Amino acid sequence: NGLLLRADIHTLFDLALVSIEPRQIKIRVSSLLAGSHYVELDGRKPAFPSSPTVQPSRAALEEHYSLFQP
């Protein structure tokens, strides 16, 4: 159920400033990061494994996204 993230993005993910929108599977970046280079990630699709059995849990993504600070 883990996501392999670069250290800086992992920190932003932990702070709910970056999340993955669970329905469209798109990266969302908080407006609190406006003006930073992280906004380039907003709307991009993350690279998930092709096998559904090793992809992140949709329920876990939904739970994290509920904490996201748009």
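**Exercise 1. The β1–β2 pair**

Task: In this predicted model, find how β1 and β2 run and how many bridges join them.

Solution: 
- Step 1. Locate the strands: β1 covers residues 18-21, and β2 covers 26-29.
- Step 2. Check the direction and the bridges. The two strands run antiparallel, and four bridges join them.
- Step 3. Pick out one of the partners: Ile20 is bridged to Ile27 in β2.
- Step 4. Look at the turn. The hairpin has four residues between the strands, and Ile25 has a positive phi near 50° there.
- Step 5. Visit another residue of this loop, Gln24. Its relative accessibility is 44%, so Gln24 counts as partly exposed. Between the C-alpha atoms of Gln24 and Pro56 there are 14 Å, although these residues are 32 apart along the chain.

**Exercise 2. The two faces of β1**

Task: Decide whether the residues on each face of β1 are buried or exposed.

Solution: 
- Step 1. Sort the residues by side: Val18 and Ile20 belong to one face, Ser19 and Glu21 to the other.

**Exercise 3. A buried charge**

Solution: 
- Step 2. Now try the backbone. A polar atom of the Glu21 side chain lies 3.1 Å from the backbone nitrogen of Arg23.
- Step 3. Look further along the chain. Beyond its neighbours within four places in sequence, Glu21 touches Lys26, Arg28 and Tyr65.

**Exercise 4. Three salt bridges**

Task: The structure holds three salt bridges; say which residues form them and where they sit.

Solution: 
- Step 1. Begin with Arg6 and Asp8, whose side chains form a salt bridge at 2.7 Å, N to O. Asp8 is partly exposed, because its relative accessibility is 28%.
- Step 2. Move on to Glu62 and Arg23, which meet at 3.6 Å, N to O. This pair links distant parts of the chain: Glu62 is in helix α2 (residues 58-67) and Arg23 in the loop between β1 and β2, 39 residues apart. Glu62 is partly exposed at 35%, whereas Arg23 is exposed at 65%.
- Step 3. Finish with Asp42 and Arg28, whose closest N and O atoms are 3.8 Å apart. Asp42 lies in the loop between β2 and α2 and Arg28 in strand β2, so the bridge ties together parts 14 residues apart in sequence. Both count as partly exposed: Asp42 has a relative accessibility of 36%, and Arg28 has 21%.

**Exercise 5. The aromatic pair**

Solution: 
- Step 1. Name the rings: they belong to Tyr65 and Phe68, with centres 5.5 Å apart.
- Step 2. Use the angle. The planes are at 10°, and under 30 degrees counts as stacked, so this pair is stacked.
- Step 3. Tyr65 is partly exposed at 27% relative accessibility, while Phe68 is buried at 12%.
- Step 4. Link back to Exercise 3: Tyr65 is also one of the contacts of Glu21.

Methods:
Residues are numbered from 1 along each chain as its sequence is written. This is a predicted model: local features need pLDDT of at least 70, side-chain atom pairs count only at pLDDT 80 or more; totals for chains, interfaces and linings use all residues. Side-chain values use heavy atoms; hydrogens and water are left out. A polar contact is a pair of N or O atoms within 3.5 Å; within protein, one must be able to donate a hydrogen and the other to accept it, and residues adjacent in sequence count only if both atoms are side-chain atoms. Contact means heavy atoms within 4.5 Å. Rings of Phe, Tyr and Trp (its six-membered ring) pair if their centres lie within 6.5 Å; planes under 30 degrees apart count as stacked, over 60 as edge-to-face and the rest as tilted. Buried means under 20% relative accessible area, exposed over 50%, partly exposed in between (1.4 Å probe, protein chains only). Two strands pair if DSSP finds at least two bridges between them. A salt bridge is a side-chain nitrogen of Lys or Arg within 4 Å of a carboxyl oxygen of Asp or Glu.
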